[in-house]
Amino acid sequence: MGRGGFMERMGGARGLLAQGLLIFGLVVLAVWLSGNAGANIEARGISTGYGFLDREAGFDIAQNLVPYEPTDTYARVFLVGALNTILVASMGIVTATVIGLIAGVMRVSRNYLGRLVATTYVEIARNTPLPVQILVWYNIALLLPPPRSALGADGVAFLTNRGVYLPQLWLNGLADVAVWGSVAFILAAFFVSARLRRLRTEHGKGASPHWGWAVAGVGVLLAFLGTGNPIGIDVPHREGFGFSGGFTMSPALMALWIALSFYTGSFIAEIVRGGLTAVAKGQGEAARAIGLSEGQTLRLVILPQAMRVIVPPLASQYLNLTKNSSLAVIIGYPDLVAVFAGTSLNQTGQAIETLSLVMLFYLACSLSVSLFMNWYNAQSAVWATPR
Amino acid sequence: MSDAAVTRAPRLAPRLTAWQWARQNLFGSVADSILTVVVAIVFGWLVWHALDWAVIRADWFGESKEACKSGGACWAVITARWRQVVAGYYPEGHLYRVALAMLFLAVAVFPVVKRDLPAWSALLAPVGVIAAIAILGGANILPSVPTDYWGGIMLNVLVGLTGAIFALPIGILLAFGRRSDLPIIKAFSIGFIEIIRGVPLITLLFMSSVVLPLFLPAGVNLDKLMRALAVVTLFSSAYMAEAVRGGLQSVPKGQREAAHALGLGLLQTTGLVVLPQAIRISIPAIVNTFIGLFKDTSLLYVIAILEVTGVIRQALSDFSWLGLENEGYVFVAFVFWVACFSMSRWSASLEKQTGKEAKPAREPA
């Protein structure tokens, strides 16, 4: 875009007219819609504005990562729902990546049966609707034995139709200090080793980039020892007709997690396969010819090139997974859509306000992923070789 | 571009005997052989049990689950309700209208499937869809059938195709808008596309069922299904825009310049030179977008529109069919799988075809 005058930037008289008409049309539409909405809202006696966020919600939520009582506000409900969404999305992203990597590598393996199994999985998982897959897994989760004949062992884990009971980390005392201290050390290590690597590649001097990570390791160790290791493991035990201790994963969370993982995993598998086959065969042969080992070939030659192809679509799959976690509503997992666009909307009747907040949350997620992608593309563009 | 991609000689695969093939593909190394045996046993066991349950020991007909005694799948739950599965609660005497509507939908997709028709044939698409909706609804000529009675697989097909066909022109406009030099049009297009793509469909469907009525003038009552159709169309237009944008990007700049040199104006250049090539290139991406949209129609039951998943869930909550979730969901998954898998194969073959056609059209290196 040049630095021309206003008219030039607007594309001359014709461009100005077209854009003026667009703006005019949008304004008219907005005025008409808001006029209708105003009249309808008044006629139905719905209150407006975001004041309801400070009011008491009055309903319970089956799973809350932060303390929550029915007497808490709708703002708190939003937080609980958003955290539940983030929980299932992060769990799904990790397992979907693992499943996708394995299946993607199997798709190009030398073993025919490996290829066959991976292809079968990919073609089934990505050609059936996710809602149906979620219902199937939910049905399976409910078919597990009842608590009285639970699968599993005392002090480790239990599988039941009322949920899966797992060991849980507990934090106390100075845990916050230890955790945030570790995070700070790891972030610092990230930047230090990036800086060291740059020094090496640009000036050919300086210490090994691995020093950054070594320092981080020592730092994390010190953070935990210094605070008296405030992290332990809490295991589930049988107690009466149920269980105590540990983390309870509801059947809904488990079904949603598994379904999201397998569904997105099939798309990731195709991305991984595409990335692996996009690296020219000669690259691997050349790397071996100059004496690199199999591991070095993969790590230093194949993967860096494949990653450039893999990461951008991978990020959009992560985003899709996060959006798809909203399907939680069909099996009653209390994610953001279920508790806020569902229960809260029904109780307050303020559809516009609740839905706009939910949409803003998802938009914020997409925006941060796009920002990350721009950053990543700028980074990896340095590596791009002219064709 | 490098010569290698253009002049690569076809690699002739050496003929292998069965034994050689097995050595290479199944027993390449010790680890490979172990993997092969383990996978063969587990996979074979799974496939055998699935077949045994779904076909060999299955019961196909009956009035309730009591009729299913063989211990396999009880497909009677589907066959006993096949009419709902296909068309929802559409009145029995009027089922011919469902068949007729499907015929018109087939006409609507004809210009997409058969790609060498004249440009005017694109008009068949909206005409076919509107005719199908008119036939189903009655349009004051046939006895009226309210949309509450529409349902089943018919509704998935109808919503998917209507959404895709009306989304395509909007998507094309948005794609041009996104590449436009006019800043306001560009900002509007990007904003629309990214906002729609940034939120889950389910929130938009909630919008259609609870927010949209608020924005309509008092007294205007737009049908629930029509509201959902409008939202589905807007939703997929953002994805269509991205599919078409890919095609627009791959039309060489020389084409536009050559058209200008011939004296064609902006509209002619776009309509006669750029767009036909762009659409042709992006058809595989458009089909893939449609596959996604078709799968998404299974969400409609959340806002109480009885497409096939909703019909099946209703059947499963019927006392005489309780506990047959496996059969119900496997059936729904199978229906979608057959449709989506064949469409994805077709789109992949199109992609190969356009790839071949596009090669000679490229400028020499």
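**Note on chain A and on B:K295**

1. Helix α6(A) supplies the largest share of the nonpolar patch, namely seven residues. The structure discussed here is a predicted model.

2. The patch itself covers about 1,100 Å² of surface and is formed by A:L171, A:V179, A:W180, A:V183, A:I186, A:L187, A:F190, A:F191, A:W213, A:F372 and A:W375.

3. Chain A has 387 residues, of which 38% count as buried. Its accessible surface amounts to about 20,700 Å², and carbon and sulfur atoms account for 67% of that area. Of the contacts in chain A between residues at least 6 apart in sequence, 64% link residues at least 24 apart.

4. A separate point concerns B:K295, which belongs to helix α13 (residues 266-296) of chain B. Is this lysine buried or exposed? B:K295 is buried, yet it has no salt bridge. The nearest side chain of opposite charge is that of B:D296, 7.1 Å away, whereas a salt bridge would require a distance within 4 Å.

5. The side chain of B:K295 does reach the backbone oxygen of A:R126, at 2.6 Å. Beyond its neighbours within four places in sequence, B:K295 contacts A:R126, A:N127, A:T128, A:P129, A:Y263 and A:F267 in chain A, together with B:F336 and B:C340 in chain B.

Note on methods: Residues are numbered from 1 along each chain as its sequence is written. Chains are lettered from A and ligands numbered from 1 in the order in which they are written. This is a predicted model: local features need pLDDT of at least 70, side-chain atom pairs count only at pLDDT 80 or more; totals for chains, interfaces and linings use all residues. Side-chain values use heavy atoms; hydrogens and water are left out. Helices (H or I, at least four residues) and strands (E, at least two) are DSSP runs, numbered from the N terminus. Buried means under 20% relative accessible area, exposed over 50%, partly exposed in between (1.4 Å probe, protein chains only). Lys and Arg count as positive and Asp and Glu as negative; His and the chain ends are not counted. A polar contact is a pair of N or O atoms within 3.5 Å; within protein, one must be able to donate a hydrogen and the other to accept it, and residues adjacent in sequence count only if both atoms are side-chain atoms. Contact means heavy atoms within 4.5 Å. Patches are made of residues with over 30% relative accessible area and no salt bridge: like charges are joined within 9 Å, nonpolar side chains (Val, Leu, Ile, Met, Phe, Trp, Tyr) within 5 Å. Accessible areas come from the Shrake-Rupley method with a 1.4 Å probe; for residues, only the protein chains shown count as cover.
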